[in-house]
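Please read these notes with the structure open beside you.

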Amino acid sequence: MLELIKHVLPQDVALNQAITEELEQRQYAGFLNYRQVEKLCQKFEITPVKLALHLLPVAACYSHTAVSHFNVGAIAIGEAGDFYFGANQEFADTAIQQTIHAEQSAISHAWLRGEKCVTDVVVNYTPCGHCRQFMNELHKAEHLKIHLPHSMNNPLHNYLPDAFGPKDLGIAVHLLAKEPHYLNINNADELINQAVFAASQAHCPYSESPHGVAIQFSDGAIITGRYAENAAFNPSLPALQTALNFVYLNNKKTEEIQRIVMAERPVKLSHKTMAEQLLCALNLPPLEYVKV
């Protein structure tokens, strides 16, 4: 990752050197906390949005684009000013619906790090309709600002006028807001417990079918992902996608994955088959499945 970052951020520029040093402190995970952001902005006399725009080529370094070979970078800015990187993730040899868009990547990254409200999304290309609908699911979506290299400070609803969303379906709890499902977590296997806990935090007000995924690495580290459902259904993001996206953005190696567990309460739908297909395409360990 370091070589990719140095390629897009020439090190003969002081700002680029400083950014690289901050990323190095986090072992090149795609995340800067608000203190790091403030430090860079004050030292180089730039705004957080200007810094985020400068960082978009770095965010795009985390892309996996086996199908399009077209890298998109995004940064979600949290309420306190934390920067969550995102990038498009594509998977060859499986259905194209398995794809993760850059804005989805950044927002789910923020969600898995515990962010409660995204105030801004900075992206290097105009959001597609799929991503506009995904962002419309967010807590406080009506206040979300979209920033592009050529156009800043755009309310989301400038891109999605007369929008259809959770409020039209009487859903009061939106994506990023707390939404516990109180699933029973009491297994001798900690990886199963982690998958169940992830499922208990899923956003699934339409299907009422929560699911979560827990991934264990050879060093014992565990990364989890949870389901993010959408009022328009198709822009929904399954738990395996949010987990794999978190793996990529935290500069973890997929070849070091040892086990993958999905915990699911399949009330109206199930993501088991779709997850198995993706794991097979990526040559990753087989899915261990638990109904809760």
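1. Helix 2 (residues 14-25) and helix 4 (residues 48-60) pack with their axes 12 Å apart and at an angle of about 70 degrees. Axes here are lines fitted to C-alpha atoms, for helices over the stretch in contact, and angles run from 0 to 180 degrees between N-to-C directions. Helices (H or I, at least four residues) and strands (E, at least two) are DSSP runs, numbered from the N terminus. Helix 2 is therefore roughly perpendicular to helix 4; the classes are under 35 degrees for roughly parallel, over 145 for roughly antiparallel, 65 to 115 for roughly perpendicular, and oblique for the rest.

2. This is a predicted model, in which local features need pLDDT of at least 70 and side-chain atom pairs count only at pLDDT 80 or more, while totals for chains, interfaces and linings use all residues. Residues are numbered from 1 along each chain as its sequence is written, and side-chain values use heavy atoms, with hydrogens and water left out.

3. Helix 2 makes the contact (heavy atoms within 4.5 Å) through L15, N16, I19 and L23, and helix 4 through L51, H54, L55 and V58. These contact residues of helix 2 and helix 4 divide into six nonpolar, two polar and no charged. Nonpolar covers Ala, Val, Leu, Ile, Met, Phe, Trp, Tyr, Cys and Pro; charged covers Asp, Glu, Lys and Arg; the others, Gly among them, are polar.

4. How do helix 2 and helix 3 pack? The angle between helix 2 and helix 3 (residues 34-44) is about 165 degrees, and their axes are 11 Å apart. That makes helix 2 roughly antiparallel to helix 3. The contact is made by A14, L15, A18, I19, E22 and Q25 of helix 2, together with Q36, K39, L40 and F44 of helix 3. Among the residues of this contact, six are nonpolar, two polar and two charged. The crossing of helix 2 and helix 3 is right-handed.

5. Six strands form an open sheet with mixed pairing, in the order 1-3-2-4-5-6. Two strands pair if DSSP finds at least two bridges between them. Strand 1 (31-32) and strand 6 stand at the edges with a single partner strand each, so one side of each has no neighbour in the sheet. Helix 4 packs on the sheet and touches strands 1 to 6, its direction making about 140 degrees with that of strand 2 (73-78).

6. Strand 5 (residues 145-148) and strand 6 (residues 151-155) run antiparallel and are joined by three bridges. K145 stands opposite P155 in strand 6. A hairpin joins strand 5 to strand 6 through two residues.

7. Which backbone angle stands out at F233? F233 has a positive phi of about 70 degrees although it is not a glycine. F233 lies in the loop between strand 8 (222-226) and helix 9 (239-249). F233 counts as exposed because its relative accessibility is 54%; buried means under 20% relative accessible area, exposed over 50%, and partly exposed in between (1.4 Å probe, protein chains only).

8. N283 is not a glycine, yet has a positive phi of about 55 degrees. N283 is placed in the loop between helix 10 (272-281) and strand 10 (287-291). With a relative accessible area of 71%, N283 is exposed.

Technical notes:
A crossing is left-handed if the near helix is turned anticlockwise from the far one by less than a right angle, and right-handed if clockwise.
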